[in-house]
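Biologist: I'm new to this one, so let's go through it slowly. Show me the structure, and I'll keep asking how you know things.

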Amino acid sequence: QVQLVESGGGLVQAGGSLRLSCTASQRTVSVYGMGWFRQAPGKEREFVATIRRIGAAITSYRNSVEGRFTISRDNAKNMVYLQMDSLKPEDTAVYYCAAKLVGDTTYNYWGQGTQVTVSS
């Protein structure tokens, strides 16, 4: 089992920045990748960014956040971060941290979510 806890959400004005953090439980040796997803009211949860935890830190981003958001990892601390700059009102959502184990095809472990609200 992998337990994930997010922190760092809040209220920010458009153009501002926030940094989200995700702490993973001790059993992370089998975690292949981690990612950030978000869900706005009335919408389905969507992919934001992912990073490979094992080997090279290969990243991928949703088109709408590319160049504004940066995902990073600190394996020694079992943490993943999402630096969000130039925030827009449409970035408002609950942001979830997720983990995928070696051999899994989907993200099966999720945090409880942290609210990000961007005012115009």
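Modeller: Let's start with a rule: a charge sits over a ring if NZ of Lys or CZ of Arg is within 6 Å of the ring centre and within 35 degrees of the ring normal. Keep in mind that this is a predicted model.

Biologist: What makes Arg45 count as sitting over the ring of Tyr96?

Modeller: The charged end of Arg45 is 5.2 Å from the ring centre of Tyr96, and the cut-off is within 6 Å.

Biologist: Now the aromatics. How many aromatic pairs does the structure hold?

Modeller: Three. One of them joins Phe37 and Phe47, with 6.3 Å centre to centre and 70 degrees between the planes.

Biologist: Why is the pair of Phe37 and Phe47 called edge-to-face?

Modeller: Centres have to lie within 6.5 Å to pair, and planes over 60 degrees apart count as edge-to-face. With 6.3 Å and 70 degrees, Phe37 and Phe47 pass on both counts. Phe37 lies in strand β4 and Phe47 in strand β5, so this pair ties together parts ten residues apart in sequence.

Biologist: Which residues have the most contacts inside the largest nonpolar core?

Modeller: Leu4, Met34, Trp36, Leu82, Met84 and Tyr95, in a core of 30 residues. Strand β9 gives the largest share, five residues.

Biologist: Last one, the surface. Which residues make the nonpolar patch of about 240 Å²?

Modeller: Tyr32, Ile54 and Val102. Ile54 is found in the loop between β5 and β6.

Biologist: Why is Ile54 called partly exposed?

Modeller: Its relative accessible area is 33%. Buried is under 20% and exposed is over 50%, so Ile54 falls in between and is partly exposed. Patch residues need over 30%, and Ile54 has 33%.

Methods. Residues numbered from 1 in each chain as written. Predicted model: local features only at pLDDT ≥ 70, side-chain atom pairs only at ≥ 80, totals over all residues. Heavy atoms only, no water. Patch = residues over 30% accessible without salt bridge, like charges linked within 9 Å, V, L, I, M, F, W, Y side chains within 5 Å. Areas by Shrake-Rupley, 256 points an atom, 1.4 Å probe, with all protein chains shown as cover. Salt bridge = Lys/Arg side-chain N within 4 Å of Asp/Glu carboxyl O. Helix = DSSP H or I, 4+ residues; strand = E, 2+ residues; numbered from the N terminus. Buried < 20%, exposed > 50% of the residue type's maximum accessible area, 1.4 Å probe, protein only. Core = buried A, V, L, I, M, F, W, Y, C linked by side-chain atoms within 4.5 Å. Phe/Tyr/Trp six-rings, centres within 6.5 Å; stacked < 30°, edge-to-face > 60°.
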